[in-house]
Amino acid sequence: MPAGGFLLNGGGMSDYGGGLTVPVVVACLMAASGGLIFGYDIGISGGVSEMESFLKKFFPGLLKRTAHANKDVYCMYNNQALTAFTSSLYAFGMVGTLVASRVTRRVGRQAIMLIGGSLFFVGALVNAAAANIAMLIIGRMLLGLGLGFSGQATPVYLAEMSPPRWRGGFISGFPLFISIGYLVANLINYGTSRIPGWGWRLSLGLAAVPAAVMVVGATFIPDTPSSLVLRGKHDAARAALQRVRGKGVDIDAEFGDILSAVEHDRQNEEGAFRRILRREYRPYLVMAVAFPVFLNLTGVAVTAFFSPILFRTVGFESDAALMGAIILGVMNIGGILASGFAMDRYGRKLLFIIGGALMFTCQVTMASIVGSHLGNGSKMPKGYAVTVLAVTFIFSASFSWSWGALFWAVPGEIYPVEVRSAGQGVAVALNLGLNFVQAQCFLAMLCCFKYGAFVFYACWLVVMTAFAVALVPETKGVPLESMGHVFARHWYWGRFVKDHKYGDEST
């Protein structure tokens with residue numbers, strides 16, 4: 001198969017025309033910048049919950065408990081009100097995603113990203129001005145709705161807009177910006193933690209900056225050709241496709257495939273959410289559910305949310321814990337960049353295999369060290385604490401290399417246009433819902449399971465790596481409108497997806 005993928009028209013498979021152009025690079029970068037709000041919030045939530053001024057205002061009981069050396073260090077930070085500060089965002093993010101999935105076909109991907117950025121902007125301002133826990137939670141709800149809208153639309157936008165041969169790299173721009181947002185948030189936390197009294201307000205309020213970047217970006221980028229065709233704007237869709245593929249490039253074949261995919265959608269008026277439940281769409285529904293479930297069972301979400309708390313639990317002081325979280329952000333960026341480089345050269349499966357093996361090793365190592373050297377009324381010896389820090393960094397890079405990048409790339413590119421909004425909506429909503437559960441339960445789980453929590457995640461890493469190897473088709477270089485061929489020829493999914501629906505089977 002050519003590097004650029006294959007076409008359906010005429011029954012054969014060949015490259016689409018066009019390559020990288022300034023308009024497509026600018027549009028995809030502006031869209032991917034929506035990942036900043038995801039990463040910034042993840043980093044800010046964990047860091048702010050470590051700040052003494054924040055705890056003193058909203059959680060004074062927890063501050064007193066940590067100051068008087070709890071007997072069980074695993075349970076030191078187990079406070080449901082504190083975790084609600086983090087997890088409430090993800091509950092409303094799930095709601096926002098489902099709402100966005102319903103309306104994106106009517107208003108387009110661009111408008112959904114604009115709405116998401118605006119909601120996040122308002123939520124950031126409310127949080128910065130919070131006078132009590134209720135106001136804090138209301139701000140988090142608005143932030144969550146913003147995340148839900150942007151998370152539903154942005155990966156699909158990137159998949160629909162980018163050229164097939166570079167699609168993996170472009171989609172990985174979204175998790176790259178998540179990692180950049182996470183790093184920036186931890187740098188800000190490191191500085192604002194030294195501002196007595198109101199440093200936490202500055203950290204929370206600066207979330208309005210990445211939101212403003214997203215709003216500005218969404219204002220000036222064009223909508224995707226597929227989204228425009230879905231709304232009957234054929235001339236605008238053709239003009240948008242010509243603009244991003246380059247003047248003089250023959251776009252007839254690619255535009256024809258978009259029209260064919262949308263026409264198939266219109267032949268069946270059944271809603272996308274009902275349609276994805278039908279047998280021929282079973283593989284896509286499985287992927288929409290499996291990817292967010294496995295993503296959360298890597299254990300990375302809780303590491304990102306609570307890394308400063310985790311580092312402090314194993315023996316580092318507050319500043320050292322925040323600095324460790326900053327280094328964690330750098331490792332995330334390194335893993336995403338490596339993944340974006342490798343994804344379109346070596347395929348998706350190799351990344352799953354390498355990442356899964358390394359993450360499993362890290363979780364087992366963490367369980368062994370933490371189980372042996374962290375107990376009641378004691379902190380971990382410094383040498384072992386440094387080892388935990390190093391293992392956490394390796395784990396973070398391995399995650400970013402594999403599931404961190406591929407969670408956005410693979411689900412964003414595999415769905416047929418008729419269920420694309422539903423499939424992406426289910427995946428992102430379920431991910432945010434599971435983020436809520438994990439954020440609310442991890443500290444209680446750590447208190448109950450202790451080092452067994454890392455063994456729990458290690459076991460799931462074996463399962464998800466086997467799933468990726470056996471059941472996730474390789475999609476390197478395949479145009480979106482041709483994904484049906486890949487599933488129809490898969491050893492297992494072929495019994496559900498029929499190749500004749502997508503064109504001739506000849507290669």
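A residue counts as buried when its relative accessible area is under 20%. By that rule, Arg-348 and Asp-344 are both buried. The model described here is predicted. Its chain has 507 residues, of which 60% count as buried, and its secondary structure consists of 23 helices and zero strands.

**The chain as a whole**

- Among contacts between residues at least 6 apart in sequence, 80% join residues at least 24 apart.
- The chain exposes about 18,000 Å², and carbon and sulfur atoms supply 67% of this area.

**Salt bridges**

- The count of salt bridges comes to nine.
- Arg-348 forms a salt bridge with Asp-344, in which the closest N and O atoms are 3.2 Å apart.
- Arg-348 also meets the side chain of Glu-413 in a salt bridge, at 3.0 Å from N to O. Glu-413 lies in helix 20 and Arg-348 in helix 19, so this pair ties together parts that are 65 residues apart in sequence. Both Glu-413 and Arg-348 are buried.
- Salt bridges that share partners join Arg-109, Glu-160 and Arg-420 into one network.
- Within this group, the side chains of Arg-109 and Glu-160 meet at 2.8 Å, N to O. The pair links distant parts of the chain, since Arg-109 belongs to helix 6 (residues 109–128) and Glu-160 to helix 7 (residues 133–161), 51 residues apart.
- Arg-109 has a relative accessible area of 2% and is therefore buried. Glu-160 also counts as buried, because its relative accessibility is 8%.

- In soluble globular proteins, nonpolar side chains tend to be buried together.
- The largest nonpolar core in this model has 129 residues, and those with the most contacts inside it are Phe-54 and Trp-403. Helix 20 (residues 382–414) supplies the largest share of this core, namely 15 residues.
- Not counting residues up to four places away in sequence, Trp-403 touches Phe-291, Phe-294, Leu-295, Thr-298, Phe-352, Met-359 and Met-464.
- Another core, of five residues, lies apart from the largest one; among its members are Phe-442, Met-445, Leu-446 and Tyr-457.

**Helix 22**

- Helix 22 (residues 452–471) has 20 residues, and at 1.5 Å a residue it should span 28 Å. The end C-alpha atoms of helix 22 are 29 Å apart, which agrees with that expectation.
- The buried residues of helix 22 are Ala-453, Phe-454, Tyr-457, Ala-458, Leu-461, Met-464, Thr-465, Phe-467, Ala-468 and Leu-471.

**A nonpolar patch on the surface**

- Phe-341, Tyr-346, Leu-350, Ile-354 and Leu-358 form a nonpolar patch on the surface, with about 470 Å² of accessible area together.
- Helix 18 (318–346) and helix 19 (348–373) are the elements that give two or more residues to the patch. Helix 19 gives the most, with three residues.
- Leu-350 is placed in helix 19. Its relative accessible area is 36%, so Leu-350 is partly exposed; the class runs between the limit for buried, under 20%, and that for exposed, over 50%.

- Gln-424 lies in helix 21 (residues 420–449). With a relative accessible area of 2%, Gln-424 is buried.
- Leaving aside neighbours within four places in sequence, the contacts of Gln-424 are Gly-151, Gln-152, Pro-155, Val-156, Trp-408, Pro-411, Gly-412 and Tyr-415.
- Ser-400 is found in helix 20. Ser-400 is buried, since its relative accessible area is 2%.
- Apart from neighbours within four places in sequence, Ser-400 is in contact with Asn-332, Gly-335, Ile-336, Ser-339 and Ala-405.
- Ile-258 has its place in helix 14 (residues 252–266). Its relative accessible area is 4%, and Ile-258 is therefore buried.
- When residues up to four places away in sequence are not counted, Ile-258 touches Pro-225, Ser-226, Val-229, Leu-241 and Glu-481.
- The C-alpha atoms of Ile-258 and Glu-160 are separated by 9.9 Å, while the two residues are 98 residues apart along the chain.

Methods. Residues are numbered from 1 along each chain as its sequence is written. This is a predicted model: local features need pLDDT of at least 70, side-chain atom pairs count only at pLDDT 80 or more; totals for chains, interfaces and linings use all residues. Side-chain values use heavy atoms; hydrogens and water are left out. Helices (H or I, at least four residues) and strands (E, at least two) are DSSP runs, numbered from the N terminus. Buried means under 20% relative accessible area, exposed over 50%, partly exposed in between (1.4 Å probe, protein chains only). Contact means heavy atoms within 4.5 Å. A nonpolar core is a set of buried Ala, Val, Leu, Ile, Met, Phe, Trp, Tyr and Cys residues joined through side-chain atoms within 4.5 Å. The expected span of a helix is 1.5 Å times one less than its number of residues. Patches are made of residues with over 30% relative accessible area and no salt bridge: like charges are joined within 9 Å, nonpolar side chains (Val, Leu, Ile, Met, Phe, Trp, Tyr) within 5 Å. Accessible areas come from the Shrake-Rupley method with a 1.4 Å probe; for residues, only the protein chains shown count as cover. A salt bridge is a side-chain nitrogen of Lys or Arg within 4 Å of a carboxyl oxygen of Asp or Glu.
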